[in-house]
Amino acid sequence: MSHPPAAKPVTRAPSLRRSMLSVGGMTLLSRIAGFARDILMAAVLGAGPVADAFLVAFRLPNHFRAIFAEGAFSTAFVPRYAALREADGADAAKLFADRLFTLLFITQALLAAGVLAFPGPFVRLLAPGLSGQTLDLAIHFTQITFPYLLCIALMSLLAGALNATGRFAAAAFAPVLMNLCMIAALLVAGLNTRWLPTA
């Protein structure tokens with residue numbers, strides 16, 4: 001006498017209310033931390049070549065993050081990862097994510113290496129209005145900030161994988177953590193103003 005196949009264990013998806021509260025709460029914390037960061041940035045850097053150069057250098061890796069790791073990439077990755085996980089299991093989805101992780105790592109590492117090798121032409125091309133001390137500072141700051149692109153691009157892929165499995169809190173908390181790190185750095189810089197070049 002044959003026995004009916006064992007039923008698959010039912011996994012309970014996180015409730016919509018809990019997910020909304022988690023993402024909404026983390027987003028609110030991120031906005032508050034970002035507001036505090038901007039206040040400190042204005043107090044420490046002021047208005048001048050240092051602030052202008054830093055804002056350009058901070059914007060450049062975020063611009064490329066939007067191109068390579070968000071937008072169309074995230075829109076295509078999350079549904080595909082979720083569909084593979086549902087149809088073929090966690091191992092197939094993990095293999096797909098691992099391959100994309102490797103591809104993203106290689107492309108972003110090559111881009112970062114190119115920018116670090118030739119920061120001057122890169123900054124002049126994407127920020128043509130800069131000149132003099134502001135340009136020099138922007139080139140120097142870009143060499144410091146641009147490797148951030150590699151980390152944030154890979155983090156975006158991992159965040160997409162977490163979201164596809166119903167885990168939203170960690171990805172939503174990442175901007176909060178970044179703002180807290182910047183606040184700490186600005187506080188240190190404010191206590192050691194001799195680190196900042198004079199206008």
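**Close-up views of a predicted helical model**

Aspartate 98 and lysine 94 are 4 residues apart in helix α4 (residues 90-117), so about one helical turn separates them. This is a predicted model in which local features need pLDDT of at least 70 and side-chain atom pairs count only at pLDDT 80 or more, while totals for chains, interfaces and linings use all residues. Residues are numbered from 1 along each chain as its sequence is written, and side-chain values use heavy atoms, with hydrogens and water left out.

**View 1. Salt bridge between aspartate 98 and lysine 94.** The closest N and O atoms of this salt bridge are 3.0 Å apart; the term denotes a side-chain nitrogen of Lys or Arg within 4 Å of a carboxyl oxygen of Asp or Glu. Aspartate 98 is partly exposed at 35% relative accessibility, and lysine 94 is partly exposed at 47%. Buried stands for under 20% relative accessible area, exposed for over 50%, and partly exposed for values in between (1.4 Å probe, protein chains only).

**View 2. Salt bridge between aspartate 38 and arginine 37.** Here the closest N and O atoms are 3.1 Å apart. Arginine 37 is buried, with a relative accessible area of 15%, whereas aspartate 38 is partly exposed at 40%. The structure holds 2 salt bridges.

**View 3. Aromatic pairs in the structure.** The whole structure contains 8 aromatic pairs. The ring centres of phenylalanine 54 and phenylalanine 58 lie 6.0 Å apart with the planes at 10 degrees, so this pair is stacked. Rings of Phe, Tyr and Trp (its six-membered ring) pair if their centres lie within 6.5 Å; planes under 30 degrees apart are stacked, over 60 edge-to-face and the rest tilted. Both phenylalanine 54 and phenylalanine 58 belong to helix α2 (residues 49-68), 4 residues apart, or about one helical turn. Phenylalanine 54 and phenylalanine 58 are buried. Ring pairs join Phe54, Phe58, Phe141 and Tyr148 in a cluster.

**View 4. Tilted pair of phenylalanine 77 and tyrosine 81.** The centres are 5.6 Å apart, and the planes make an angle of 40 degrees. Helix α3 (residues 72-88) holds both residues, 4 positions apart, about one turn of the helix. Phenylalanine 77 is buried at 3% relative accessibility, as is tyrosine 81 at 8%.

**View 5. The protein chain with its 8 helices and 0 strands.** Helices (H or I, at least four residues) and strands (E, at least two) are DSSP runs, numbered from the N terminus. Buried residues make up 34% of the 199 residues in the protein chain.
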